[in-house]
Amino acid sequence: MQVLQNILQNVNVRSTHGTLDVPVQAITFDSRQVRDGVLFVAVRGVQADGHAFIQKAEEAHAAAIVCEELPQELQPGLTYVQVKDSAEALGQMASAFYGHPSRQLQLIGVTGTNGKTTSVTLLHKLFRELGYHVGMISTVQNQIDEEVIPSTHTTPDAVKLNELLAQMVKAGCTHAFMEVSSHAMVQHRVAGITFAGGVFTNITHDHLDYHGSFEEYIKAKKAFFDMLPKNAFALVNADDKRGQVMVQNTKASVHFYALRKAVEFKARIIDNTIQGLHLEVDGHEIWAKLIGSFNAYNLLAAYGVAVLQGEDPTEALTVLSSLSSAAGRFDYIVSDSQITGIVDYAHTPDALENVLNTIQQIRNPNQKVITLVGCGGNRDAAKRPVMADIACRLSDKVILTSDNPRFEEPQAILEDMQKGVKPLDFKKTLSVLDRKEAIKTACMLAEPNDIILVAGKGHETYQEIKGVKYDFDDKQVLSEMFRQLGK
């Protein structure tokens, strides 16, 4: 239990009404969770404004109310704290409430459009193998050593995030690796968090439905590096043309990794096959289980972090060579007739192009590439025709289908994608609305030794339609269809 005054130390307070000597048993921004001893923070969210629920929090006997705008009538005996920004205040207060757990860890944040999940997964596995107790916060799952905690967001809300970090500290973790999304930066979910380092993977068009423009999206990513302290490091992909922009105002020490430039952490791809990558890293040759040039970047980022954390370079490379990727990232199975089925989370134009380019690099001339791809509903619609065009350009056959339509009509999403199909590609493109039927169609079209890419959902084990999540696992369905069709 904490006292309100103590958890307000780093908050930009405009005014206080009532005593600050109030015991606080928990913090929430959800009025439905308010009870005796719980502090309510009125946050302006994307779908709702917490200020509209202040009265509910008052009626539920909140310990105190933190808000940007005070209600017209203040309840006698209840403390109100007016702040400049409730979302930022929530982060600062959550950190203080849980005893500033991030300060007790070597916490490394990874941001970028693609590669975040694979990078933090590799780092978690690497440091576990190096003998540390390690935490991980990612899109796929959160982990404390080997204990798996289900994940609902790329970056959890500020309260959940600090609670997780506190659990890691309690479990004896010394290191933690987390994905930092652009949404998290804009919504101040990492306010009050102290990072020992940050990694920038790359940036391409994504989440423009939320940020409004590519410039705002870049600004959100850059804000992460702007917040890094002087004693932290920033490790940046020098091959991305916006890498330098990310660190132009950072106080952290700046380091670079690349495949195409002569920088501190440099790698060269010697061979890229379905069995893995043969790399030269800082003069050492290694075989890695991961496939594709995009994974060469992920491996290099993990290696750079390890070296910057004082680990032995040779030992770090030896461990990395034995590691597998995150679930749903270039995850492949081979059927009895030698058809290769690849399941990948690629849900942005850049990610899809990376995966398809990798397939082009590792396939032999007689193998057809059949790509199944959809786009999510209630998300950035501008990328839909672009993704269809990429699939057509880099595949022999393309099946457009549903992803997670959410509250949009699946047919409308498909029609948006079809706008990206050029007349020359009409003959090789099919639209199959039902995702299971689409996977079945891909398997029926495939001949021995062909390659099927099922893109978009990766590790997800559900399909979201009209607010309901139905069981659906791309890899499971693909395996089932291979068996059913005798492939």
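Is Thr 79 buried or exposed? Select Thr 79 to begin: with 2% relative accessibility, Thr 79 counts as buried (buried is under 20% relative accessible area, exposed over 50%, partly exposed in between, with a 1.4 Å probe and protein chains only).

Before moving on, note that this is a predicted model, in which local features need pLDDT of at least 70, side-chain atom pairs count only at pLDDT 80 or more, and totals for chains, interfaces and linings use all residues. Residues are numbered from 1 along each chain as its sequence is written, and side-chain values use heavy atoms, leaving out hydrogens and water.

**Stop 1: around Thr 79**

Show strand S7, residues 79–83, where Thr 79 is found (helices, H or I of at least four residues, and strands, E of at least two, are DSSP runs numbered from the N terminus). Leaving aside residues up to four places away in sequence, Thr 79 touches several residues, among them Leu 4, His 17, Val 22 and Ile 65 (contact means heavy atoms within 4.5 Å).

**Stop 2: helix H16**

Now select residues 474–484, which form H16, and colour its buried residues: Asp 474, Val 477, Leu 478, Met 481 and Phe 482. They cover an arc of only 140° around the axis, which puts them on the same side of H16 (the arc is that of the directions from the helix axis to the C-beta atoms). An α-helix has 3.6 residues a turn, so residues three or four places apart point the same way.

On the face turned away from the buried side, look for the exposed residues Gln 476 and Arg 483.

Then visit both ends. At the start of H16, a side-chain oxygen of Asp 473 comes to within 3.0 Å of the backbone nitrogen of Lys 475. After H16 comes Gly 486, with a positive phi near 65°.

**Stop 3: a pocket beside H16**

Which residues lie nearest the centre of the second largest pocket? Select Lys 436, Gln 463, Asp 471, Phe 472 and Val 477, which belong to a lining of 16 residues. H15, strand S25 (462–465) and H16 each supply at least two lining residues, and H16 gives the most, with 3.

Note on methods: A polar contact is a pair of N or O atoms within 3.5 Å; within protein, one must be able to donate a hydrogen and the other to accept it, and residues adjacent in sequence count only if both atoms are side-chain atoms. On a 1 Å grid over the protein atoms alone, a cavity is a set of points where a 1.4 Å probe fits but cannot get out, and a pocket is an open set with protein on both sides within 12 Å along at least five of seven lines; lining residues have an atom within 4 Å of a point.
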